Amino acid sequence: SEMLLDGDSLVVIGSAHVKNNGSQPPDCGLGRGSWEAAIAGAALPLVTLQLWNISDRAAPLLVQTYEMEGRLLAARLVDGYAYLVVDTSYDRGRIGVEAPSRIGPLARLFRGGYNDNDTSYRDNVPLMPAADCRETEQARRGQEGWLSVVSVATKGRDGVAQVQTTTHAGRGTEVYVSRDNLYVASTRYDEPLPDTKRRRPWWTRVISVAATFLKLMTWHELETEALPWGGPPWTWVEVFGLAKGHATFRHAVSVQGSVLNQFSMDEHRGYFRVATTTVDARSRARTSGVFVFDAAGKRAGEVAGLAPGEDIFAARFQGDRGYLVTFRQVDPLFALDLSNPSAPCVIGELKIPGWSDYLHPVNSTHLLGLGTAATDEGEVEGVKIALFDVTDPTVPKEKYSVVLGGRGSSTTAVHDHRAFLFHPPTGLLAFPVSGATWTRHGGRELERRGHARMDGAVVLYLKETAFELRGLVAHPSHHDHHCVDPSLRVRGDHEPEHACDQDILAREVAHSVYRLVHMAGGGQHVVLSLSRRELRVHNLADISLLARVVVD
């Protein structure tokens, strides 16, 4: 599911399930009998990490394999170390014991690899606690699981590289990594903010007890629906310091609201900034804001109450500036001044129809926004990409834009930024688009109207006054039938193809492009596009097909 490349070292990350082989982990003084009996023979989800030496491209060598119980949240490469963030849930219903009886996630290390067809060697390697008892904080009520930061030196070569694991009680959904710190955010909806809960007035506890006794409200309603000091959602962020392959838990911060994704978090000059959408527990009113914390985890400043009734659809931080996109009927783009951590503020705003789901900096004065076009009445149209001029952040402007497709068109790049290709030296832009109805632009037809859909990647160039649409890189297929409806042919694709009959068209499955790579050599620029079906190479001059490799 992930790959990290560091020179001649390649880290390949995947997942698997394995039955517990009856290992006998230490009880850490807490007792283990109930837990051992419960997981004996149970199928455990594993994250697998393989370290490969690819110095000989024709004969790559598998150096080692590491497996850890849980699911992968994120993987990053920092200064010669691969860091994996693994979330391991604690299934109280399955195990039937209280959380402190559970020691933590399990793991095991192999020198080299193993043959998938012969699991005897693998089965003989026991699963053991990933971290020492003294280094693992036990899971607490409300945090039924663990966060683990696994690090491995990528220069393992022929010897086994050391694997280090730091495990801490908690759960996670979004991960942001700077050079020195790793942040794991988890949005919760079932508890009030921890720091405010401890400061609640004494009389609210009296009312809570009385109301519960009279069965006027349940404890859950009191905790989440009628809190006079705030309410759900709130976000818990655990902070780990990174130094030479070792992660150390530093502290945790809590903030009202929910975090959209990794781009809603940032670190700059020792300060952590996070953008959230907040919902009032009583009125259900929605607002957005940015909160700033110092290196010790204490709140330094905030700007809140932005865009009442709207959610954050995109966020991006760039040095002393920040940008937020919210949406209800029009798309407000907020420009923020974050130069003073104790007094962040909004300095500019632009309102246009539609919204951006992904913001990508071009330089210090321009920003790309990828999202959805809409009318002034809020009716959704096609995929939209726009160039914003933020030279003067007090007056942000939309310099130009283009709408691709019609209602129902979409792009996976708004949810997976790695599917978005931008090559600054040439101004090349490419990203996957799915849709059936396209418009003409400059005499070039990207797709004609038809009853079948086509998935591919649109190729554009960033110019001074407008986007230049170059064409569509497509991966049409139907199982073993490589065919396409002639009415959906893309100009510039010179590959000879035969037409599908109507029965095949009715079952046509288009394989979506999910990765794009720019390459140049010999005076030629090409784009590599990868789908689950195949790898294609197209000439960027005219989008002609140069080569294709089918993946079985």
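**Legends to the close-up views**

**View 1. Ile352 lies in strand S22 (residues 345-353).** Helices (H or I, at least four residues) and strands (E, at least two) are DSSP runs, numbered from the N terminus. The model is predicted: local features need pLDDT of at least 70, side-chain atom pairs count only at pLDDT 80 or more, and totals for chains, interfaces and linings use all residues. Residues are numbered from 1 along each chain as its sequence is written, and side-chain values use heavy atoms, with hydrogens and water left out. With a relative accessible area of 13%, Ile352 is buried (buried is under 20%, exposed over 50% and partly exposed in between, for a 1.4 Å probe and protein chains only). Pro332 is 20 residues from Ile352 along the chain, and their C-alpha atoms are separated by 6.6 Å.

**View 2. The protein chain has 7 helices and 38 strands.** Buried residues make up 53% of its 552 residues. Of the contacts (heavy atoms within 4.5 Å) between residues at least 6 apart in sequence, 55% join residues at least 24 apart.

**View 3. The largest nonpolar core holds 24 residues.** Such a core is a set of buried Ala, Val, Leu, Ile, Met, Phe, Trp, Tyr and Cys residues joined through side-chain atoms within 4.5 Å. The members that touch the most other members are Leu368, Leu370, Ile385, Phe420, Phe431, Leu460 and Phe467. At least two residues of this core come from each of strands S24 (366-374), S25 (380-389), S26 (397-404), S28 (428-435), S31 (454-462) and S32 (467-474). Leaving aside residues up to four places away in sequence, Leu460 touches Ile385, Val402, Gly427, Leu428, Leu429, Phe431, Phe467, Glu468, Leu469 and Arg470. Another core, of 18 residues, lies apart from the largest one and includes Val63, Leu84, Val86 and Ala107.

**View 4. The largest pocket contains about 1,200 Å³ of space.** On a 1 Å grid over the protein atoms alone, a pocket is an open set of points where a 1.4 Å probe fits, with protein on both sides within 12 Å along at least five of seven lines; lining residues have an atom within 4 Å of a point. Grid points are joined across faces, edges and corners, and the volume is the space filled by probe spheres set on the points. Among the 33 lining residues, Ser1, Glu2, Asp416, Arg418 and Arg515 are the closest to the centre of the pocket. Glu2, Asp416, Arg418 and Arg515 are also linked in a network of salt bridges. Strands that each supply at least two lining residues are S1 (2-6), S2 (9-19), S3 (43-53), S5 (71-78), S11 (174-177), S23 (355-361) and S35 (513-521). S5 gives the most, with 5 residues. The lining has 17 nonpolar, 9 polar and 7 charged residues; here Ala, Val, Leu, Ile, Met, Phe, Trp, Tyr, Cys and Pro count as nonpolar, Asp, Glu, Lys and Arg as charged, and the others, Gly among them, as polar.

**View 5. Asp87 and Arg171 meet in a salt bridge through their side chains (2.6 Å, N to O).** A salt bridge is a side-chain nitrogen of Lys or Arg within 4 Å of a carboxyl oxygen of Asp or Glu, and the count by this rule is 19. The pair links distant parts of the chain, 84 residues apart: Asp87 is in strand S6 (residues 81-89) and Arg171 in the loop between strand S10 (163-169) and S11. Asp87 is buried at 2% relative accessibility, while Arg171 is partly exposed at 25%.

**View 6. Arg273 forms a salt bridge with Asp266.** The closest N and O atoms are 2.7 Å apart. Arg273 is buried at 3% relative accessibility, and Asp266 is buried at 11%.

**View 7. A salt bridge joins the side chains of Arg269 and Asp320 (3.1 Å, N to O).** Arg269 lies in the loop between strand S15 (265-268) and strand S16 (271-279) and Asp320 in the loop between strand S19 (311-318) and strand S20 (321-327), so the pair ties together parts 51 residues apart in sequence. Arg269 is exposed at 54% relative accessibility, whereas Asp320 is partly exposed at 30%. The phi of Arg269 is near 50°, a positive value in a residue other than glycine.

**View 8. Asp79 lies in the loop between S5 and S6.** Its phi is near 50°, a positive value in a residue other than glycine. Most residues other than glycine have a negative phi. Asp79 is exposed, at 54% relative accessibility.
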